Amino acid sequence: MTTVDWKQKETEMLKEIEEIVNIESGTFLKSGVDLVASRLGRLYEEIGFQVTVQTQTERGNNLLITHPQAVNPEILIIAHMDTVFPEGTVTERPFSRDDKRAYGPGVFDMKASQITTLYAIKHLIESGSDSYKNLRIILNSDEEVGSVHSRALIEEQSKLSKYALIVEPSDEDGTLVTGRRGGGKYYLTVKGVAAHSGAEPEKGRSAIGELAHKIIKLHALTDPSVGINVNVGVISGGTSSNTIAPHANAFIDVRMSTKDQADELDRKIREICSTVDIEGTSMELTGGITRPPMIKNEASEWLLRIVQEEAHGLGEDIADKSVGSGSDANITSALGIATIDALGPRGGNAHSKDEYLNIDTLVPRTRLLASVIERLSRGQQG
C-alpha cells in the first residue's frame, strides 16, 4: 500500500484554504460567493466529479456535486461557502498563519471544511476505495442567514439520502454536534405619519413609537429556562429628530428548543404584529421559522457511534453535545435522516476578527471524514 505523505497534504490544503479565504464571500456579496463556487467546482471536476450549478438571483449560486458513476448515493455532505463578514474585510485582514494557527475571515467557519472535505474524497480515490461514488455534496451559499435560498435543494437531496454529514467546524476539543436549537428570522416594517414635532405633533403618528411597543412585547416572549430567546437585534427609522417618524423597521431573531415551541412562537409573534398600539400606524411582518430544532434521536445516536468508532480507530476519542446555534443539520435532522454535525477541523472565535483554525487538525479531520464515508458505504451496522 502506498504511504500517504500527510504533511504534504497539509501543505496543499493550507494553500487551497488561503485561496478561498482571500475571496470575499459574505452572504450578500453574490459575486464573491460565486467566485468561491467556481473555484471549488473546478477542483471537484478535476477529480472526476460532476458539478451542477443551481443559479440564484438574490444570493450566490448553490452547487450539487456527485460522481458520474454514482447510483442512488446514500451520504449527503453539506458545506456552506458564505461568511458573515462585510465587503472589505479580506483587504483589511487577509489569510495569515503562524506555526499553529491560520487566520482570516471565514477560515474556521467554514472555508477550511470545504478543503478537508475535498481532500477526504481525494484520499478515497487515491486509496482505491469506491465509496466516493456514494456521495451527494451540497455547497450552499446562504447558510449564515438561515439557508432560505438553499433549503429546497437541501430538503430535496436529503429525502434521497440515508445519512447527512455536516462539516461545520468543531470546537477546541473536537466535539461533535448532535443537537441544535431551532431558529427563525423576521422583518417588521412599521409605517407612521410624518409631522413637525414642534409645530403640529398631534398630526403625526410615530412609527418608532409603535415599534417600541412591539419590541417590549416581543422580548417578553423570551424564556431562557426552556430555551426560548427572542431578540430584536437591528432597528432603524425616522428622518430627523424634529419629525414624527414616518417609518421604522426591525430585524428579529428567535431561538427555540422544540418544534412545539417553534409553532407557538410563530403564532405569538404574528399575533403581536397583527394589531397596532398607536392608532394610525400600520405594520407588515415577513419571515418565519427558518430552522426546526435538531433533536438527538435513535438514528443520530447510531451514526454517532459509527463516527466515534472510526475516530477511536484513528487514535481520537470524541464526545458530542447540543448547542444553541443553528446550521443545515437542523434541516436534515428534521426530515428524519441520521445526522452528525461539526465534522470539520478545530478552531474558535467564529464570526469575529479573532477567528482561527488549528492547523494540526486538518489532517485528522480529513482522515476521519474519509473513514466515516468508507464505513457507511460498506454498510456496516456497528
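By contact I mean heavy atoms within 4.5 Å. I need that for my opening entry, on Asp34. The model I am reading is a predicted one.

**Entry: Asp34**

I looked up Asp34 and found it in helix H2, residues 30-46. Is Asp34 buried or exposed? Its relative accessible area is 19%. The cut-off for buried is under 20%, so Asp34 counts as buried. Next I asked which residues Asp34 touches, leaving out those up to four places away in sequence. The answer is Gly60 and Asn61.

**Entry: H1 against H4**

I turned to two helices, H1 (residues 6-21) and H4 (residues 107-126). I noted an angle of about 135 degrees between them and a distance of 9 Å between their axes. Angles over 145 degrees would count as roughly antiparallel, and 65 to 115 as roughly perpendicular. The pair is therefore oblique. The crossing of H1 past H4 is right-handed.

Which residues make the contact? On the H1 side I listed Trp6, Lys9, Glu12, Met13, Glu16, Ile17, Ile20 and Val21. On the H4 side I picked out several, among them Val107, Ile115, Tyr119 and His123. I then sorted the residues of this contact by kind: nine are nonpolar, three polar and five charged.

The bond from Asp109 to Met110 is cis. Its omega is near -5 degrees. Met110 has its place in helix H4. I flagged this bond because most peptide bonds are trans.

**Entry: strand E8**

I moved on to strand E8, residues 176-180. How many of its five residues are buried? I counted five of the five, so the strand is largely enclosed by the rest of the structure. I looked for its partner and found strand E13, residues 320-323. E8 and E13 pair in the parallel sense, over four bridges. In this pairing I saw Gly179 standing opposite Ser322 of E13.

**Entry: the four-stranded sheet**

I traced an open sheet of four strands. Their order is E10-E11-E9-E12, and the pairing is antiparallel. Which strands lie at the edges? They are E10 (229-237) and E12 (282-291), each pairing on one side only. From one strand to the next, the twist averages 15 degrees.

I looked at one pairing in detail. E9 (residues 182-191) joins E12 through nine bridges in the antiparallel sense. Here Gly184 stands opposite Ile289 in E12. I also found a helix, H6 (residues 207-219), packed on the sheet. H6 touches E9, E10, E11 (247-256) and E12. The direction of H6 makes about 170 degrees with that of E10.

**Entry: the loop between E15 and E16**

My last stop was the loop between strand E15 (347-348) and strand E16 (356-358), where I found Asn349. His351 is in the loop between E15 and E16 as well. I checked phi for each. Asn349 has a positive phi of about 60 degrees, although it is not a glycine. His351, not a glycine either, has a positive phi of about 70 degrees. I wrote these down because most residues other than glycine have a negative phi.

I then looked up accessibility. Asn349 comes out at 42%, so I call it partly exposed. His351 has a relative accessible area of 41% and is partly exposed too.

Notes
Residues are numbered from 1 along each chain as its sequence is written. This is a predicted model: local features need pLDDT of at least 70, side-chain atom pairs count only at pLDDT 80 or more; totals for chains, interfaces and linings use all residues. Side-chain values use heavy atoms; hydrogens and water are left out. Buried means under 20% relative accessible area, exposed over 50%, partly exposed in between (1.4 Å probe, protein chains only). Two strands pair if DSSP finds at least two bridges between them. Axes are lines fitted to C-alpha atoms, for helices over the stretch in contact, and angles run from 0 to 180 degrees between N-to-C directions. Angles under 35 degrees count as roughly parallel, over 145 as roughly antiparallel, 65 to 115 as roughly perpendicular and the rest as oblique. A crossing is left-handed if the near helix is turned anticlockwise from the far one by less than a right angle, and right-handed if clockwise. Ala, Val, Leu, Ile, Met, Phe, Trp, Tyr, Cys and Pro count as nonpolar, Asp, Glu, Lys and Arg as charged, and the others, Gly among them, as polar.
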